Amino acid sequence: MQITNHITPNFTFSKMIPQKGLGSRIWDVDGKEYVDLSGGIAVNALGHCNPDLIEALTEQAKTLWHCSNIYTNLPSQELAKKLVDNSFADKVFFCNSGAEANEAAAKLARKYAHDNFGEKKARIITAINSFHGRTLFTVTLGGQKKYSEGFGPLPGAIDHVPFNDIEALEKAMGDDVCAIMLEPIQGESGVLPATREYLKAARDLATRHDALLILDEVQTGMGHTGKLFCHEHYGVLPDIMSSAKALGSGFPLAAMLATDKVAASFTPGSHGSTFGGNPLATAVGSKAFDLINSEATYKNIEARSKELMQRIDAIARETGVFTGARGMGLLVGAVLVPEKAGESGKLKDFALDEGVMVLQAGGNVVRFAPSLLITERDLAEGLDRFERAVKKYAAC
Ligand SMILES: *Cc1c(COP(=O)(O)O)cnc(C)c1O
C-alpha cells in the first residue's frame, strides 16, 4: 500500500512501519524483524496477537458488539467484578483512554468535594513533570508546560509541586484542596518512582485535609511493576485510581476505580461515555485480566525484570552511556549520563536500526515496557541488539 500523508502533523512520520506482530516480535512492511521491548507504550502486556485474546475478541464479535450504556452489558459486569475483587475499589467507571479515566477521576474528586464540603473546595495538586493525558483538563493537570502551551485558557485551580518533595506538598496543601493526583512512577517523564515516604505523606496529607488521593496507574497498573497495581508495593491506598494502557492489552479500554463513598457523587447522568465499557473492549479486558493476574505471569515478570535491570547496569558500566537502571518489574528506564542528556530519541533510532524497539521517556531516559510474557530468549536477543546499538551510538 502506498503511504500517504493524510494524518495531522502532531504525529511525526515513522521510518519503520510495522505490519505484523507475534508475541514479542514485529515485522515491518519490508519484512525486517524486530524484538519489541516497547510493548506499544506499556499497552501490549500480553504480546502481539495473543491467541487467548484473539479468541475472547472473536467470540464476543460473534455475540454482541455494542448496545450503549443505556443497557447493562455482561462483559463489563464481569470485568468490573474482577477489578473490584482485586483492588481497594468498590466501583468502576469504564471509558476508552487514560486521559478519559483521569478526566473522570478529577471530575469525580471535584464533584465529591462539592457535594460534601461546598464549591470552594476545588483545588487539585499534581506533580511537576507528571503526565495525565491530552484532554484540556488532563494536560493542565499534567506538570509539563510543553503539552498545554498555546491551548489556553486552561481550567483553573490546579497547582503543581515538585515530585518526591514532601515539604513542598505540605506547603501547597490547604482546606480548599479536593485532591492530590500522582503517578506512583512518573512514566512519560523518565520512569521515576515515588519514594515510599512521599506516597505515604501524600496519603496522610490528603486525609488530614479531607482531600482525596488520586493515583494515575494508567502506565504502572495491570502487572507492569510485578503486582497488579503499583501502589500495592507502597502499602498506600488511593480513593480514586485510573487504569488504561495494559487494561485492554491492545484494545482501547480504560477505567476509573473508586471507593463507594466517593463514587456516590457520580449520580445518575452526571457523567458518561458512549463507548465506555463496550462489550468488545471489556470481553478482551476480562480475559487479559486473568492472564495478567496469575502466578505464572508474576513469576515471569520477576525473573525477566532481574535480567533486564542487570543487563542495563552491565551495559552502563561497559559503555558509560547510562548511569544505570531504575523502575520496577517490566517498566524500566535506562538513565543517560548527564553528558548524553537529551539523546534518548537518538538512541531509540540506533536501536531500531539494530532490530529492537525501545521507548523514550523524556530526553534523558530510554524506557523498556515489554510484554509481561516475554520469554528469556526474546529478552536476551532484544538486549543483545540493544547493546550493539548503544555501542554504535557511543562510537559516533
Ligand atoms: C499514557 C498515559 C496517560 C494517557 O493515556 P491515553 O490513553 O493516551 O489518554 C495518562 N497517564 C499516564 C500515567 C500515562 O502513562
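User: On a 1 Å grid over the protein atoms alone, a pocket is an open set of points with protein on both sides within 12 Å along at least five of seven lines, and a cavity is a set where a 1.4 Å probe fits but cannot get out. What volume does the second largest pocket have?

Analyst: About 620 Å³, where a volume is the space filled by probe spheres set on the points, and points are joined across faces, edges and corners. This is a predicted model, in which local features need pLDDT of at least 70 and side-chain atom pairs count only at pLDDT 80 or more, while totals for chains, interfaces and linings use all residues. Residues are numbered from 1 along each chain as its sequence is written, and side-chain values use heavy atoms, with hydrogens and water left out.

User: Which residues are closest to the centre of that pocket?

Analyst: Asn69, Gln77, Val92, Phe93 and Phe94, out of 23 lining residues; to count as lining, a residue needs an atom within 4 Å of a point.

User: Which elements give two or more residues to the lining?

Analyst: α3 (74-85) and β4 do. β4 gives the most, with four residues. These labels follow DSSP runs numbered from the N terminus: helices are H or I with at least four residues, strands E with at least two.

User: How does the lining of the second largest pocket split by class?

Analyst: There are nine nonpolar, 13 polar and one charged residues. Ala, Val, Leu, Ile, Met, Phe, Trp, Tyr, Cys and Pro count as nonpolar, Asp, Glu, Lys and Arg as charged, and the others, Gly among them, as polar.

User: What lines the largest cavity?

Analyst: His66, Cys67, Ser68, Asn69, Asn73, Thr274, Phe275, Gly276, Gly277, Asn278 and Pro279. By class that lining has three nonpolar, eight polar and no charged residues.

User: And what lines the second largest cavity?

Analyst: Residues including Ser130, Phe131, His132, Thr138, Gln144 and Tyr147. Its lining has three nonpolar, seven polar and no charged residues.

User: Back to Phe93. Which ring does phenylalanine 93 pair with, and how?

Analyst: With phenylalanine 266: the centres are 6.2 Å apart and the planes at 75 degrees, so the pair is edge-to-face. Phenylalanine 93 lies in strand β4 (residues 91-95) and phenylalanine 266 in the loop between α8 (260-263) and α9 (279-292), 173 residues apart. Rings of Phe, Tyr and Trp (its six-membered ring) pair if their centres lie within 6.5 Å; planes under 30 degrees apart count as stacked, over 60 as edge-to-face and the rest as tilted. By this rule there are seven aromatic pairs.

User: Is phenylalanine 93 buried or exposed?

Analyst: Phenylalanine 93 is buried, at a relative accessible area of 16%. Buried means under 20%, exposed over 50% and partly exposed in between, with a 1.4 Å probe and protein chains only.

User: Which type of pair do phenylalanine 350 and tyrosine 393 form?

Analyst: Edge-to-face, at 5.8 Å centre to centre and 80 degrees between the planes. Phenylalanine 350 is in helix α11 (residues 344-354) and tyrosine 393 in helix α12 (residues 376-395), so the pair ties together parts 43 residues apart in sequence. Tyrosine 393 is buried, with a relative accessible area of 2%.

User: Which rings are linked into a cluster?

Analyst: Phe322, Phe368 and Phe386.

User: Changing topic: why call strand β10 largely enclosed?

Analyst: Because five of the five residues of β10 (residues 212-216) are buried. Leu212, Ile214 and Asp216 cover one side, Leu213 and Leu215 the other.

User: What is the strand order in the open sheet of four?

Analyst: β1-β2-β3-β15, with mixed pairing. The edge strands are β1 (18-22) and β15 (356-357). β15 pairs with β3 (residues 33-36) in the parallel sense over two bridges.

Notes:
Pairing = 2+ DSSP bridges.
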